[in-house]
Structures are given as structure tokens and as C-alpha cells.
Amino acid sequence: MNTKKKWFWPTLLACVLPLAGCDMLATKYHATVWLRVAKSRPSIFPGEKKESDVTNDRDAQPALMRSRLVLEVAIKRPGIAELTCLKNEETDDDKINWLMKNLEAGYLGSSEILQISITGRDPDELMKIVDAVRQAYMEAVVAKGRELDAQRLATLEQACTKTEEMFNKMVAEYQELSNKLGVADPQAARYANIYALETVGTLRNQANVQRTKISGLERRMAILKGRMSLLPEEERSPRKERMQQTIHNLTQKALDDDPDIAELRAELARLDKDLSQQQQQVENPDETPEVVALRDQIRDIQQIITGLTMKRIPEIEKKAAEQMKDLPPNPEDAMREEIDHAEIDRQVFEAELDTINEAFQQAVASAKAFAEGAKKMETLQEEINRIRKMHQQMAVTRDEWMIESMAAQRVQIVGEPMVTKMK
């Protein structure tokens, strides 16, 4: 038992010391790559400093270099995960943690040079790791910043197109409204509205005058009709009827006094008397030659009297009408004539009133249209000016960004990976 304890420690030391000596004597290497990170984004325009969202914080770039954002991309590059120093790490998280632990990143003094380095025993693997990390940074951070800039430019281009479409639409709407109203601008629409309102007032006054005239005529006609109803019967016979009756009486008297017609009527009376006597003397009077002859004579004389009467009546009526033309009207005739004249005037005034009312409605509609149009044109004009200004600003910004996109990149690769042997 004592013998075993005596030889345990010498034996252990004999086994461990050679291994420790080999480890201490193994050569280590330091692999390095560099990036140039400008203190401000390069600009073509003097004084312009448009920063990207990813690289605008220069001091944060060393931390980004060692972040999961970059290292997840780095270990996915061809051959990196199979390197000896990473192969023994079981999961991607373990590989990322190993890189975060062993990678170093920082600026060289106060310069713009960002250095990424790692220390180990296999120089080739170390160079591959730092180069993969640098490339991953360029993809995940720098390229992302350029992608965001491109997206912003595309968004700005879309906004410019949209504002231009809005501008053209509003200009077309403004022009359509201007053509519809027949005015060039809101000021002209306001003047047209004032003129339309004055026209409305004038037409309203004219309509009131016409209504007063019509009302006066209706009152006058009502008074005349009332007075007519109170006239005595002898004063209510219309003049026309009295003239017709008088002309008829005069005509009848003239026919009675006509000697030719009087002689024919006397002969007719004699023949009627002879016919009556003949009919009384025989049993069948209608068949005797004497009765038939008398009847033919009577018929012939009647036809002569009728023809002569029809010939004389127009001449007699004409003479009678000449005699009656100066017949004074009775009170009812005068009132009827006045009522007829008043009715004609009323119809004329009503037709004029209808015309005035139609013009009044048109003037009211015009005044309303000009008032609303002036307000809408002012609103459209303000909106057109606002959108024009906004579009001009967007277009200037877009053009500047397009030119700025041709400027040098803020982050640039400097040199090739380098490895040095550590003492």
C-alpha cells in the first residue's frame, strides 16, 4: 500500500509534463482583416450627410461585427461550419458563441479602419473565418443598408408618381369645374355670384310688381262682376243681342213693306182661298185637276217668295247694321268689355310673371352654383399648390438620392486577409 502511494505522483508527472510542454511550445497565429468605415456617409453634394439606418452609428459597428446578425450568416458560408475549430461545436448556437468569444473587432485608434481579428493555431482556418465574418458583415449589414436605401428610393419614386397622378387629377377637376362655370378662377366665380345675387334681387322685385298688377286686375274684375249682378234687367241685355234683335226686326219690317213680296203674298192668299173652296165642293178634292193646278200655283209662288226673300235679306241686314253701328252700349256691355280687357291684361302679366319666375329660378341656381364653385375652386387651388410643392420637393429629394447612390460606399473592404505568427 505504501509502495503504491510512493510511485503514484512520479508516474502522473511523467505522463502530464510532456503534454504540457508540447502545448506551451505549440505556435499560435493571429488572422486579421480590415474595413474602412467612413466617419460620415460620402456625399456627392457638399454638405449633404444622408445616413443609412444600419451604418449611421459608427461606434456600433464593432459590436455588429460580433453579433448574431453577422455570425449566423458567416457560419453558413461554404466550408466554415466544417472547420476544425468549429466542427467540434455541436450546434450553430455553440459555433456562434465560440466565434463571439474569440473574435475581436475595433477601430485602429481614431482612424476609420475597423479591424476584425482572431487568434488560433491553424492560420488557414483563421484567415477563412475572418474573411467569412467580413463578407457576412458586408452582406448582412452593408448590403442591407443599400437595400434599405433602394427601398426608400423606390418608395419615394412611387410617392412622386402618386402625387403627380393626384396633381393631374385635381388640375383636370379644376379645369372641368372652370369650364362648367365659365370662369377662370375663384375670384371670377365670386364676382359672378355677386352679379347673380343682384339679378335675383332685381327679378324678385319685378315678380312682386307683376303679382301686384295681377292682384289689382283680379280685384277690379271681381268688383265689375259684382256691379253687373246688381244691374236692372233692362240694363243687362248684351249689346250684341240687342243689335241682332233690332236687325231682325228691321229686316222683317223691310220684307213686309217690299211691294213685290206683298203682291206675291196677296196672290198666294187668293190661291189659298180658291183651293179651300174647291176642296169643299167635291168629295175627293185631292184628285181633281183644279185642286192639283191650284196647289202647283201655290208651290210656285212660295218658291218665288222664298228666293226673293233670300235675295233681299243680305241687303236689308247690311243697311240695318249701318243704322245700328252707333247704338250706344248699355252698362253691362261696358262692364263686360272692361272685364275682357282686364282678363287679357291679366293673362299677359301672368305670362310675364312665368318668364320672370323662370329667370329667377335660373339666377338662384346660378348664384348657388357660383358660390359653391368658388369655394370648391379655392379648395382645389390650395390643394393643387400644396401637392405641386410636395411633388417638387419629393422630385428634388428623389433626384438627389439617385445621384447620391452613385457616391462611394461608406464601408469598403481594405486589403486581403493577413495572418501573423505570434511570439
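**View 1. Open antiparallel sheet of the predicted model.** Four strands, in the order E2-E3-E1-E4, form an open sheet with antiparallel pairing. E2 and strand E4 (411–422) are the edge strands, each pairing on one side only. From one strand to the next, the twist averages 20°. Strands (E, at least two residues) and helices (H or I, at least four) are DSSP runs numbered from the N terminus, and two strands count as paired if DSSP finds at least two bridges between them. The model is predicted: local features need pLDDT of at least 70 and side-chain atom pairs count only at pLDDT 80 or more, whereas totals for chains, interfaces and linings use all residues. Residues are numbered from 1 along each chain as its sequence is written, and side-chain values use heavy atoms, with hydrogens and water left out.

**View 2. Strand E1 and its two partners.** Strand E1 (residues 28–37) pairs with E3 in the antiparallel sense over 8 bridges. Within this pairing, Trp34 has Gln115 in E3 as its bridge partner. E1 and E4 also run antiparallel, joined by 9 bridges. Here Leu35 stands opposite Ile413 in E4.

**View 3. Hairpin of E2 and E3.** Strand E2 (residues 104–107) is paired with E3 in the antiparallel sense through 4 bridges. Tyr107 has Leu114 as its bridge partner in E3. The two strands E2 and E3 form a hairpin with 5 residues between them, and Gly109 in the turn has a positive phi of about 65°.

**View 4. Helix H6 and Ser178.** H6 lies across E1, E3 and E4 and runs at about 160° to E4. Axes are lines fitted to C-alpha atoms, for helices over the stretch in contact, and angles run from 0 to 180 degrees between N-to-C directions. Ser178 lies in helix H6 and is buried, with a relative accessible area of 7% (buried means under 20%, for a 1.4 Å probe and protein chains only). Residues up to four places away in sequence aside, Ser178 touches Val183, Ala184 and Met377 (contact means heavy atoms within 4.5 Å).

**View 5. The second largest pocket.** The lining consists of Lys28, Cys85, Trp98, Thr119, Gly120, Arg121, Asp122, Glu125 and Leu126. Strand E3 (113–120) and helix H6 (123–181) each supply at least two of the lining residues. A pocket is an open set of points on a 1 Å grid over the protein atoms alone where a 1.4 Å probe fits, with protein on both sides within 12 Å along at least five of seven lines; lining residues have an atom within 4 Å of a point.

How values were computed
Buried < 20%, exposed > 50% of the residue type's maximum accessible area, 1.4 Å probe, protein only.
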